[in-house]
Amino acid sequence: MCSLEKRGNVWVLSIAGDGQNRLSPTLIDSLLSALTRLTTQATPGSVLLTTAHGKFFSNGFDLAWAQSAASPSAALLRLESMVASLKPVVAALIALPMPTIAAVNGHASAAGLLLALSHDYVLMRSDYGVLYMPEVNIGLPMPDYFAAVMRSKIRSAAALRDLMLGGAKVRAAEAVKMGMVESAHDSAESTVEAAMRLGERLAQRKWLGEVYAEIRKSLYPDACIVLGLTQKPIVSKI
Amino acid sequence: MCTLEKRGSVFVLTLTSENDEQHRLNPALLSSLLAALSQLNSQATASSALITAAHGRFFCNGFDFRWAQAAADQPSARRRLRRMSDSLRAVLAALLSLPMPTVAALSGHAAAAGTVLALAHDYVLMRSDRGVIYMPEVDLGITLPDYFAAVATAKMAAARRDVVLGGRKVRAVEAVAMGIVQSAHDSAEGTVEAAMRLGEELAQREWVGDAYAEIRKTLYPQFCATLGLTPKAIVSKI
């Protein structure tokens, strides 16, 4: 389950599942309802900060739950159901009418990394934790929207290859160089503090959420198509 | 022509110089490359990797324009060019769907279609003491086949303006800085040795070839669409 609380203008979404914050159907549903609630409560100046506690930001889908199914085909169905239910969560983040920040407090792997990179800004602790796409190592192809979001957010061909096709485990300092992470910080606490400061700065801009979301979508047209997001007609406050 | 040999777990595809030290891509060389890649497809195991290298001062100097121009008239010269372009498309499609990591060791110049051939590999290593990557089309006043532009977009990102639209001749060190080449080495031998080491490292990962090829394809959807490659259904070893 996750929790949502408001600190000033910044909405803090805390991911809390098992120790690894694996994205089980329950956690995914809980994320989607939090984002749905945020969409309706957004005001100019709202900002989302997503973080987690412990050693993991999120370790991806709950493969243990999938594998505990009665048969391999039932396990595959469970995996597919998680792939399908995370898609609207990613779409909600890309369409959220406010700036979004992920404060990566620990490992972010597979779907957990996708979740982090679906935010506008990713801050990460440098003393612990890696960004990692294990699919190539475990022999699992990428769902279409995973690849689409990663391609949209990681613009360096070499960085994309090393992460997706090389199974590289990327620490914060390197992730900054690769252009995946905004800034590296020396502990989980300082990462969240820096994310709060960034959130407050962004909140002061009092951007119109609906326009912000449309501009964001226009930056990632390929990802939006795969996620089923369409552009709205022009909205403007002028 | 080309030869294919296996050294340990690494397959080495070598463009040989008996007919043409520039390894220009004519129908005979293109068929020979396609045959080698088809053979590789059937021989791939979970710990395979491919290195492509060449003898002499050229990796590959592009299509064999001499052969095209030796045709009786201009229409047949164009048909010959079209035929080579179609054959290279099939070679690139085979490389993009090859179920193993691929490494190009550039021991000399790579120009035009030769650059495209090199960039279709997952990793490109290059000697720094001589040799350039060069797209001469803008200088020669000829347009690009659609898949040339697609591979440039997929693999060169921002550098494509300088290389494709600027006709810049890029040495190894600069190519590394531009993110086109993985690493620069001080001789042809040094480049091939480094490529062998990289190939062995990649082979040791024992990636599932089918999943590897599918992930690769999801990274370059536009390039794949141009080549006529479509994604397969999910395969998984979990």
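Ala, Val, Leu, Ile, Met, Phe, Trp, Tyr, Cys and Pro count here as nonpolar, Asp, Glu, Lys and Arg as charged, and the others, Gly among them, as polar. This is a predicted model, in which local features need pLDDT of at least 70 and side-chain atom pairs count only at pLDDT 80 or more, whereas totals for chains, interfaces and linings use all residues. Residues are numbered from 1 along each chain as its sequence is written, chains are lettered from A in the order in which they are written, and side-chain values use heavy atoms, leaving out hydrogens and water.

## The largest pocket

The lining of the largest pocket divides into 14 nonpolar, four polar and four charged residues. Among the 22 lining residues, those closest to the centre of this pocket are R151(A), R155(A), D222(A), T153(B) and Q222(B).

## The residue N21(A)

In chain A, N21(A) lies in the loop between β2 (10-15) and α1 (25-41), where helices (H or I, at least four residues) and strands (E, at least two) are DSSP runs numbered from the N terminus. With a relative accessible area of 3%, N21(A) is buried, a term that means under 20% relative accessible area (1.4 Å probe, protein chains only).

## Strand β7 of chain A

Four of the five residues of strand β7 (residues 121-125) of chain A are buried. Strand β5 (residues 100-104) of chain A runs parallel to β7(A) and is joined to it by four bridges, while strand β10 (residues 183-185) of chain A pairs with β7(A) in the parallel sense over three bridges; pairing requires that DSSP finds at least two bridges between two strands.

Methods. Buried means under 20% relative accessible area, exposed over 50%, partly exposed in between (1.4 Å probe, protein chains only). On a 1 Å grid over the protein atoms alone, a cavity is a set of points where a 1.4 Å probe fits but cannot get out, and a pocket is an open set with protein on both sides within 12 Å along at least five of seven lines; lining residues have an atom within 4 Å of a point.
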